[in-house]
Amino acid sequence: MAASLGKSWISSRTCKRSLAKQDQNETEMQGSAPHGRSLFGRRVGRPLSAQKKEIMDRLLPAYTIPADKLEHPAALTPEKLFTKKYASCWFEIGFGYGEHLAALARKNPDTAYIGAEPFLNGMAAFLSEMDESPAGNVRILMDDAMKIARALADETLDGIYILNPDPWHKTRHHKRRIVNEANLDVFCRILKPGGELIMTSDVEAMAEWMVTQATNHPGFEWTAKTAQDWQQPPAGWFTTRYEVKGAKNAKKMSYLLFRKRPA
Ligand SMILES: C[S@@+](CC[C@H](N)C(=O)[O-])C[C@H]1O[C@@H](n2cnc3c(N)ncnc32)[C@H](O)[C@@H]1O
C-alpha cells in the first residue's frame, strides 16, 4: 500500500495495545515530560502594539475556555462551551496566526470550533481577526492543546486539524512532537467514530513521522488511496499563510487525512 502511495511510508498496523496499556502510556507521558514540561516552543515574539494589547485585553476573556472547564479529565462537551447547539465540533491544534480557524468559523456558522495556540503574537493576530469579524462559534485557549484534549469527553469531536506542527528536527527532540503515540490515544478517544484527523507538513521527515505514528495506531486509518490524495489539498481547502510561504520556497506540502475507525 505504501509503495502505491508513492513513498516508502510504513503502513503496518501491528500495534494492538489494550485500553489499560493506553491509560498507562498517557500517565507515563505526562509524568515523564522532560523538566515536567508538556509544552515546547516560543510563547512570545515581538512586543505587541498598543492596539493588539487592547484587543487582547478586550477579547481574550470572551473567547477563552475558562480554566475550571479544563479541570476534570474527559468531562468537557461543546454544550458546556457554547450557548447554542451546534451540528458538529472541530478542534484546531496550534493554529498559529489563526487565519485557518477564523476562515472556517466564518464559512461554517453551524459548526463549533475550538482552537489552541500558546504563542501570544499568534493569538493577538487571531483576536484581531475576530475584532473585525466576530464569530460566536469559536472558543480558544492560549496554552497547550493537550489541556483541552484531555478535558474533552469521549467521542466529542468530528475532526481535528494539526497543520504544520513544529517538526523538532533533532532526534533527541522527537519526543516533543505533538503527534505521538500517547497523544494519538487521546485524539482517538475524543473523536467520534469516523471522525477525521487532518495533518499537514511541508517537512518530509515530519510528514513521514506523522504517517508512521498514525498508521501504527490501531484506532486510525489513512484515507489516501493514491499519491495524489496526500499531495493535493482536499476539496475546499483553505490555504494558510504558512503554506503560501512554503510554496514560495518550493516546499511540497503533504495533506494527511486519517479517519477514526468505527468501534
Ligand atoms: C509551525 S507553526 C504552524 C502554525 C499554523 N498551524 C499554520 O499552519 O500556519 C506550529 C504552531 O504550533 C504551536 N504549538 C506547539 N505546541 C503546541 C501545543 N502543545 N499546543 C498548541 N499549540 C502548539 C506553536 O506555538 C506554533 O504556533
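Start by selecting Gly 195, which sits in strand β5. (Helices are DSSP runs of H or I with at least four residues, strands are runs of E with at least two, and both are numbered from the N terminus.) Before you go on, note that this is a predicted model: local features need pLDDT of at least 70, side-chain atom pairs count only at pLDDT 80 or more, and totals for chains, interfaces and linings use all residues. Residues are numbered from 1 along each chain as its sequence is written.

Is Gly 195 buried or exposed? It counts as buried because it has 22 C-beta neighbours inside 10 Å. (Contact means C-beta atoms, placed from the backbone, within 7 Å.) Try a distance from Gly 195 to Leu 157: they are 38 residues apart in sequence, yet 6.9 Å apart in space, C-alpha to C-alpha.

Next, select helix α7, residues 204–216. Its 13 residues reach 18 Å from first C-alpha to last, close to the expected 18 Å, where the expected span is 1.5 Å times one less than the number of residues. Colour its buried residues, among them Met 206, Trp 209, Met 210 and Gln 213. An α-helix has 3.6 residues a turn, so residues three or four places apart point the same way. What covers the buried residues of α7? The cover includes α6 (181–190), β5 (191–201), β6 (220–222) and β7 (254–260).

Now jump to strand β1, residues 88–93, where 5 of the 6 residues are buried. β1 pairs in the parallel sense with β2 (residues 111–116) over 6 bridges; strands pair if DSSP finds at least two bridges between them. Look for Ser 88 and its bridge partner in β2, Thr 111. β1 also pairs in the parallel sense with β4 (residues 157–163), over 4 bridges, and there Ile 93 has Ile 162 as its bridge partner.

Last stop: the ligand. Of the 22 residues around it, Gly 94, Gly 96, Ala 145, Asn 164 and Tyr 242 come nearest. (A residue is near a molecule if its C-beta atom, placed from the backbone, lies within 6 Å of it.) Helices α5 (145–151) and α9 (241–248) each supply at least two residues of this shell.

Methods:
A residue is buried if 20 or more other C-beta atoms lie within 10 Å of its own, exposed if 12 or fewer, and partly exposed in between; C-beta atoms are placed from the backbone. Two residues are in contact if their C-beta atoms, placed from the backbone, lie within 7 Å.
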